[in-house]
Amino acid sequence: MQLFDIEADPEQNYLPYDGTVQYYGKVVQTAAADHYFEALLHTIAWENDQALIFGKLFTTKRKVAWYGDRRFEYTYSNMNKYALPWTVELIELKALVETLTGETFNSCLLNLYHSGEEGMAWHSDGETDLKKNGAIASLSFGAERKFAFKHKHSKEKVELYLEHGSLLVMKDVTQTHWLHRLPPTKKVSSARINLTFRTIVG
């Protein structure tokens, strides 16, 4: 297991093989990151996430929101979601992420974790709506949390800490070969907001 908590180098690939993960570190400085955290907390149309599993509807404590260039329909966990129009803050953050990464994105899935006890189970972002092998750029605001990758076959793990105002990019064949998760922890009592900029096709 590798645990990275070092000076970020966006040129470095944090995966040993079968994909590309770049960690840019803190790309939004603390005062601005504090501003965006509060703005996103109060202006985003947060809803409890729902998943349909084996015919049963589950509702999570974690809240989500979905925004995009147009009213994209996006399906995951067997539920259909429709994108809302961009807010001012999301347009600003999208422009920043596109400038830093050289990628372009047309949508953003946001997650609100109220405390460390809320997390995300192992999964890969392999929905057919997404551009195949496209980049997913993840901006984090609020509580610093551990983020983990696990190879689907070798089971090798890589873990990083995502700090307030930081950017992580997953691209190439990462989603094909690796799972990722946000492990729950009782050590964190404050909230985290995560923005994942994506490209929807079709």
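**Notebook: strands, salt bridges, cores**

I started at a strand pair, where A51 stands opposite F58 in β4. This is a predicted model, so everything I note here is read off a prediction. Stepping back, I see that β3 and β4 (residues 56–68) run antiparallel and pair over six bridges. Their hairpin has two residues between the strands, and F54 takes a positive phi near 50° there.

**Salt bridges**

Next I looked up the charged pairs. I get a count of five salt bridges.

Staying with β3, I checked D49. Which residue does D49 form a salt bridge with? The partner is K81, with the closest N and O atoms 3.4 Å apart. D49 sits in strand β3 (residues 47–53) and K81 in strand β6 (residues 79–82), so this pair ties together parts that are 32 residues apart in sequence. Buried or exposed, I wondered, for D49 and K81? Both are buried. I also found that R62 joins in: D49, R62 and K81 are linked in a network of salt bridges.

Then I went to helix α2 (residues 88–101), which holds both E98 and K94. They are four residues apart, about one turn of the helix. Their side chains meet in a salt bridge at 3.1 Å, N to O. I looked up burial here too, and E98 and K94 are both buried.

The last pair I wrote down is E159 with K146, a salt bridge at 3.7 Å, N to O. E159 lies in strand β12 (residues 157–162) and K146 in strand β11 (residues 145–151), so the contact ties together parts 13 residues apart in sequence. E159 has a relative accessible area of 7% and is buried, whereas K146 is partly exposed at 28%.

**Nonpolar cores**

I turned to the greasy parts. The largest nonpolar core has 28 residues, and L40, L110, F141, L195 and F197 touch the most other members. Elements giving two or more residues to this core include α1 (30–43), β4, α2, β8 (107–113) and β15 (192–198). Which element gives the largest share? That is α1, with four residues.

Leaving aside neighbours within four places in sequence, L195 is in contact with, among others, L40, L90, L93, C108, L110, A137 and F141.

I also noted a second, separate core of 22 residues, and Y14, Y74, L130 and I200 are among them.

Technical notes:
Residues numbered from 1 in each chain as written. Predicted model: local features only at pLDDT ≥ 70, side-chain atom pairs only at ≥ 80, totals over all residues. Heavy atoms only, no water. Salt bridge = Lys/Arg side-chain N within 4 Å of Asp/Glu carboxyl O. Buried < 20%, exposed > 50% of the residue type's maximum accessible area, 1.4 Å probe, protein only. Pairing = 2+ DSSP bridges. Core = buried A, V, L, I, M, F, W, Y, C linked by side-chain atoms within 4.5 Å. Contact = heavy atoms within 4.5 Å.
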